[in-house]
Amino acid sequence: MKRVLLVLITLALSVTFVVADTIHLRDGRVIRGTLLGFINGRFAVRVESPRTPGVPTGTEQGEIMLLRPAEIDRIEIDGRSLDDLRFETRNVEVTLASNWIDTGVDLRRNERVQVNASGLILAGRSRITPDGLRSADNTAPLPRAPEGMLIGAIGDEFDSPILQLGSTREFVADRDGRLYLTANRGAFNDTRGAFSVQIRRERDLAQLVDDDSPFSRRTQSGRARPRGRQGVETARDRGRRDVNLDIAGTSRGTDTSVDLREGDQVTITASGNVIAGRRIGQVGPEGGRATGFGAIIGTRPVPNTGPGALIGYIRMADGQPTQPFVVGKQLTFTATAAGRLILLINDDDYSDNGGSFKVTISFQ
């Protein structure tokens with residue numbers, strides 16, 4: 001047993017490692033897949049051929065199996081380096097467009113990341129490399145950094161710090177979130193070409209085998225990160241704009257996709273009816289009359305406003321909400337904090353609600 005474990009650990013640390021591995025078990029079964037590493041006393045294997053005799057029934061391609069060293073007789077390896085085991089690499093083409101480029105890479109705080117970039121973006125007669133030009137662009141996300149330099153940000157929040165990456169950079173993530181990339185330039189309609197960017201990050205094997213981890217499904221698309229001084233197309237950047245959406249009677253919090261800065265002027269108008277439970281029935285945006293136990297102890301987000309009323313709050317960059325406020329049929333206000341505008345129904349029991357309000361948000 002000790003000899004088998006020693007041999008396997010030696011294999012795991014050797015310079016040559018696996019691309020398509022064959023794991024022979026002591027009971028005669030054979031598993032074909034990719035050996036990811038050794039975690040919590042077990043070998044993690046991503047199954048590539050689920051229909052082979054050694055794989056349990058119901059196992060799907062890409063699923064992770066954990067095997068104890070005592071179960072393994074030998075491992076056949078073929079041509080992968082230690083870095084291929086320890087690090088995950090993704091290649092991304094970064095063009096200049098209205099939105100930042102979603103890399104599809106979700107980072108965790110304190111995770112170490114390496115970025116290497118090459119290629120050219122052509123803007124008029126300028127040939128821009130990932131290190132940018134000698135000039136600056138006061139309309140760019142980073143006005144004092146070189147024009148066209150490759151930059152990045154973790155998350156789509158408007159105040160996420162912007163990273164100067166250039167042609168090569170290693171950094172440690174200061175937060176959890178999706179990595180976005182772009183070139184540090186205000187205008188984008190006159191450009192062509194792209195940077196070729198390689199993103200290299202250390203594998204988190206615990207994350208690979210944790211089905212409950214929100215970061216384990218790395219193929220999910222992130223939200224678009226529009227361009228702007230701080231990486232987000234805010235109300236001031238766009239000028240006046242209207243957003244139309246429906247707020248369901250069951251809404252505990254609908255993301256309007258509207259990012260506000262402190263001081264932005266906003267007008268919200270609402271029409272239609274929702275069902276605020278069987279007892280209250282149909283109400284408009286102003287809500288109905290509170291009755292019963294909830295009226296006594298004030299369990300709704302805005303206790304002194306009727307059930308079913310349209311209300312809102314601003315979700316700030318740290319995830320904390322401002323105090324909820326009443327919207328009703330119409331509200332014009334000045335944003336007292338920067339963040340995402342959230343609208344919802346003022347109620348303490350949404351299980352028997354229905355209907356929806358039609359809402360228009362106007363801001364500048």
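**Salt bridges and a sheet**

Analyst: A network of salt bridges links Asp255, Asp259, Arg315 and Arg340. The model is a predicted one.

User: What is the general idea behind such pairs, and how many salt bridges does the structure hold?

Analyst: Side chains of opposite charge can pair when their charged atoms come close. There are 14 salt bridges in this structure.

User: Which residue forms a salt bridge with Arg315, and how far apart are the closest N and O atoms?

Analyst: The partner of Arg315 is Asp255, with 3.9 Å between the closest N and O atoms. Arg315 belongs to strand β21 (residues 310-315) and Asp255 to strand β18, so the pair ties together parts 60 residues apart in sequence. Arg315 is partly exposed, at a relative accessible area of 29%; Asp255 is also partly exposed, with 29% relative accessibility.

User: How are strands of a sheet paired in general, and in which order do the four strands stand here?

Analyst: Strands of a sheet pair through backbone hydrogen bonds, either parallel or antiparallel. Here four strands make up an open sheet in the order β18-β24-β21-β22, with antiparallel pairing. The edge strands, each pairing on one side only, are β18 (254-260) and β22 (325-326).

User: Over how many bridges do β18 and β24 pair, and which residue stands opposite Asp259?

Analyst: Strand β24 (residues 339-345) and β18 pair in the antiparallel sense over four bridges. Opposite Asp259 stands Arg340 in β24. Both Asp259 and Arg340 are members of the salt-bridge network.

User: Where in the chain do the partners Lys358 and Asp246 lie?

Analyst: Lys358 and Asp246 form a salt bridge in which the closest N and O atoms are 3.5 Å apart. This pair links distant parts of the chain: Lys358 is in strand β25 (residues 354-363) and Asp246 in strand β17 (residues 241-248), 112 residues apart. Lys358 has a relative accessible area of 54% and is therefore exposed, since exposed means over 50%. Asp246, at 44%, is partly exposed.

User: Which side chain meets that of Asp27 in a salt bridge, and is Asp27 buried or exposed?

Analyst: The side chain of Arg29 meets that of Asp27 in a salt bridge, at 2.9 Å from N to O. Asp27 is exposed, its relative accessible area being 55%, whereas Arg29 is partly exposed with 29%.

Conventions
Residues numbered from 1 in each chain as written. Predicted model: local features only at pLDDT ≥ 70, side-chain atom pairs only at ≥ 80, totals over all residues. Heavy atoms only, no water. Pairing = 2+ DSSP bridges. Helix = DSSP H or I, 4+ residues; strand = E, 2+ residues; numbered from the N terminus. Salt bridge = Lys/Arg side-chain N within 4 Å of Asp/Glu carboxyl O. Buried < 20%, exposed > 50% of the residue type's maximum accessible area, 1.4 Å probe, protein only.
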